[in-house]
Amino acid sequence: MQAHHPPDRSDYISQSEVKRGQDCPLTWYAEFILKLASATPESRPQRVGSLGHAVVEDAVLAAHEGRDRDPGAALLQCARKRRYVPADIEALDEVADDLLADCDAAERAAETFLSSPAFDVRTPVIHNGAPVVEMDLRAPWHLPNGKQNDAFNGMRFEQMHGLQGVRRGMVGTPDIVHERDGAIYCDDYKFRQKPDLGGKLML
């Protein structure tokens, strides 16, 4: 008898993995099968986006916990987590000037978003006592009771690529899952846009 282990993220396929496989199968194999980390550093827009998400996450958690917001701590924690700085850095004033500028841009973008009508998070969904913020959500290929997930209608990954025997479904990490007027919303915010698409970088 084999020991049963709960499924981890690798049992499900993500949108980014599908895109990586389409762009370059060799890169996909190295990153998702061999588990090799990319040696390419994040671009400035990517860093600003990641840092901006951290500020928004802190705002939601602070409201839930009844505490004051601490965007500085959130930015520093994000920088450590994503290895923009060494783990022993204890304050933002210790980081390089370019990263400090990115933190400032991210905080300004996040504050603009949080104060705008576009940010309408009234009641975050609570799971295990905490708001569903930056949590992995897994959706099997076939939902219980025979209901096909609307997100996968017409895609049929399990037939097109034979993934059903390899992966249990898809996984994603929405920024915030919340409820409003009886409906559940999965929000995914973007703090960056590609200039060639005609958008402006939100700084």
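Helix α3 has 22 residues, which at 1.5 Å a residue should span 32 Å, and its end C-alpha atoms lie 31 Å apart, in agreement with that value. The expected span is 1.5 Å times one less than the number of residues in the helix. Helices (H or I, at least four residues) and strands (E, at least two) are DSSP runs numbered from the N terminus. Just after α3, G66 adopts a positive phi of about 70°.

The structure is a predicted model, in which local features need pLDDT of at least 70 and side-chain atom pairs count only at pLDDT 80 or more, whereas totals for chains, interfaces and linings use all residues. Residues are numbered from 1 along each chain as its sequence is written, and side-chain values use heavy atoms, with hydrogens and water left out.

Strands of a sheet pair through backbone hydrogen bonds, either parallel or antiparallel. Here, two strands are taken as paired if DSSP finds at least two bridges between them. β1 and β6 (residues 169–172) run parallel and are joined by three bridges; Y12 has G169 as its bridge partner in β6. The pairing of β5 with β6 is antiparallel and extends over four bridges, with A139 opposite M170 in β6.

A further open sheet has three strands in the order β2-β7-β8, with antiparallel pairing. Because β2 (123–124) and β8 (183–187) at the edges each have a single partner strand, one side of each is left without a neighbour in the sheet. Two bridges connect β2 with β7 (residues 176–180), and T123 stands opposite E179 in β7.

A cavity is a set of points on a 1 Å grid over the protein atoms alone where a 1.4 Å probe fits but cannot get out; lining residues have an atom within 4 Å of a point. One cavity of 30 Å³ or more is counted. The largest cavity has a volume of about 30 Å³, the volume being the space filled by probe spheres set on the points, which are joined across faces, edges and corners. Its lining comprises H53, V56, E57, V133, E134, D175, I176 and Y189. Helix α3 (residues 44–65) provides the largest share of this lining, three residues.

Methods
On a 1 Å grid over the protein atoms alone, a cavity is a set of points where a 1.4 Å probe fits but cannot get out, and a pocket is an open set with protein on both sides within 12 Å along at least five of seven lines; lining residues have an atom within 4 Å of a point.
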